[in-house]
Amino acid sequence: MAYSDKVVDHFNNPRNMGSFKKDEEGVGTGMVGAPECGDVMKLQIKVQNDTIVDAKFKTFGCGSAIASSSLATEWLKGKTIEEAQKIKNTDIVQELNLPPVKIHCSVLAEDAIKAALADYQKKADGTLTNAK
Amino acid sequence: MDHHTHSTAGPRELQMARSMCWHCQSEVAGEYFCDRCVKVQPVSKELDYFTCLGFPRRLTIDQRQLEAKFYDLSRAFHPDFYQNKSAAEQTISLGNSAMLNTAYRTLRDPIERAEYLLDLEAGSVKEIRNSPPAELFEEILELQDTLNEYRAAGRAPEAESPLRAKLQSERNILEQRQRDMETTLQRLFVQWDALQDRGEATDQARIERDRILKQIRENLSNRTYVKNIVSDLVSTIG
């Protein structure tokens, strides 16, 4: 099975690979895994004034998992928290032309986004910094 | 989580006794062949793989018994023996053979067997939600960074060898961990089987059941993560 050009492109030139310090202010970390295939994904967002100003990821997995998380970070940048909530795995499937057997990679990416947002929210609620 | 009650005693017998021979309409009491007209009977798609091969839902299975049963049924269903039979029988023979092969492949491997049993007992894998092992994930991702560094240093032996030593020692540690998880799984398998053998319907038994399934799930998942990074290590450092 061949990967789509977009997957290959993200795989060869992953965007926003890396990580932030977990305890840095405004950083939300999502760490998820797919027990079925053993893929591991870490996705982080940096939020200022309710807007995601930066995003990073690290993924251990197949090309589609890497491409899905790379694309997710690209999309997250510049979005508000509310907009980010709306990213769906089906958007990723469509953009990357993922075949049915690789749909779980996009699900993993969506889970990672959700986990990062939840982590950010939890931290923000806890500290009450980060006005609005 | 909802509790499915799976009776362990002879669901096959019940199911088979109630079914009718597709050919002569008499009651089928035998395993896969009609007693009266000796026609092969289709294996129901609803039949689970344990029942299909005539084993109870246990995680410890005698490999030799399993293999013997598989060969028996393989011969019984083999399409070669149905070439001169009716189209209906040929179709059944093909369907049964395919089902049998899948059932055997799944049950022969202890890990796949356990994954399959979890599916049967707890619905999909997702039904048993356990929090992702964050520490293990961090470790895996860090190790992957080191692997990338090592790959990048490919042509510079002086940078390569300390990294190689580090990766080698990580590999040993992870392989040990994988073995430890497999030992834990073995123990859980025995616990599961013992619980099934007791067949109690108390609250305590249910709690015990859920505990065992959850721990099996956790260990299976973590083992997959570890196994993946180990095979990546092996293919990189050889």
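Start by selecting B:Q25: this residue is exposed, with 11 other C-beta atoms within 10 Å. You're looking at a predicted model, by the way. To get your bearings, B:Q25 sits in the loop between helix 1 (11–18) and helix 2 (49–52) of chain B. Now check its backbone: the phi of B:Q25 is near 65°, a positive value even though the residue isn't a glycine. For background, most residues other than glycine have a negative phi.

Next, hop over to chain A and pick A:N49. You'll find A:N49 in the loop between strand 2 (39–48) and strand 3 (51–60) of chain A. Here too is a non-glycine residue with a positive phi, about 45° for A:N49. Is A:N49 buried or exposed? Count its C-beta neighbours inside 10 Å and you get 10, so A:N49 counts as exposed.

Last stop: go back to chain B and select residues 63–77, which are helix 3, along with residues 87–108, which are helix 4. The axes of these two helices come within 9 Å and cross at roughly 170°. Because of that angle, helix 3 of chain B is roughly antiparallel to helix 4 of chain B. The crossing between helix 3 and helix 4 of chain B is left-handed.

Now show the side chains where they touch. From helix 3 of chain B, the contact uses B:L66, B:F70, B:L73, B:S74 and B:F77. Helix 4 of chain B brings B:S93, B:N96, B:S97, B:L100, B:Y104, B:L107 and B:R108.

Definitions and conventions:
Residues numbered from 1 in each chain as written. Chains lettered and ligands numbered in written order. Predicted model: local features only at pLDDT ≥ 70, side-chain atom pairs only at ≥ 80, totals over all residues. Helix = DSSP H or I, 4+ residues; strand = E, 2+ residues; numbered from the N terminus. Buried ≥ 20, exposed ≤ 12 C-beta atoms within 10 Å, placed from the backbone. Axes fitted to C-alpha atoms, helices over the stretch in contact; angles between N-to-C directions. Parallel < 35°, antiparallel > 145°, perpendicular 65-115°, else oblique. Left-handed = near helix turned anticlockwise from the far one by under 90°. Contact = placed C-beta atoms within 7 Å.
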